[in-house]
Amino acid sequence: ACCACGGGDYSVKEQPAGQAAEGQGKTTLLGCECQKDWIDEITGIPCHGYCCNPDHDPNGLWCHVKDFTCEEADWGYCREDG
């Protein structure tokens, strides 16, 4: 994702760029609620479906969060089980 801050705890895994996880990843690893639709500010690639990986982050799918104070960042890595 975009910076070293935020994201929660994660394990390294490969995910295709821009691929949404249908029915999964509606919360981050810290339990913060993800926005359904957002655009990556760096790549300009939109995400429709909560969690995507538009920047080819090796740590996997991530999302923009609804509440900055929950994640202490505007994004976080998605929880696989949603």
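## Disulfides

Cysteine 32 and cysteine 70 form a disulfide (a pair of cysteine sulfur atoms within 2.5 Å), with their sulfur atoms 2.1 Å apart. This link connects distant parts of the chain, from the segment before E1 to helix H1, 38 residues apart. Helices (H or I, at least four residues) and strands (E, at least two) are DSSP runs, numbered from the N terminus. The model is predicted, with pLDDT of at least 70 required for local features and 80 or more for side-chain atom pairs, while totals for chains, interfaces and linings use all residues. Residues are numbered from 1 along each chain as its sequence is written, and side-chain values use heavy atoms, without hydrogens and water.

The count comes to 4 disulfides. Cysteine 47 is joined to cysteine 52, S to S 2.0 Å; the torsion about that S-S bond is about 75°, so this disulfide is right-handed. The link of cysteine 51 and cysteine 78 is left-handed, with -95° about the S-S bond. In sequence order of the bonded cysteines, the pairing is 1-7, 2-6, 3-5, 4-8.

## Salt bridge

There is 1 salt bridge (a side-chain nitrogen of Lys or Arg within 4 Å of a carboxyl oxygen of Asp or Glu) by count. Glutamate 33 pairs with lysine 66, the closest N and O atoms being 3.0 Å apart.

## Accessibility

Buried means under 20% relative accessible area, exposed over 50%, and partly exposed in between (1.4 Å probe, protein chains only). Glutamate 33 is partly exposed at 48%, and lysine 66 is exposed at 52%. Cysteine 32 is buried at 1%, whereas cysteine 70 is partly exposed at 36%.
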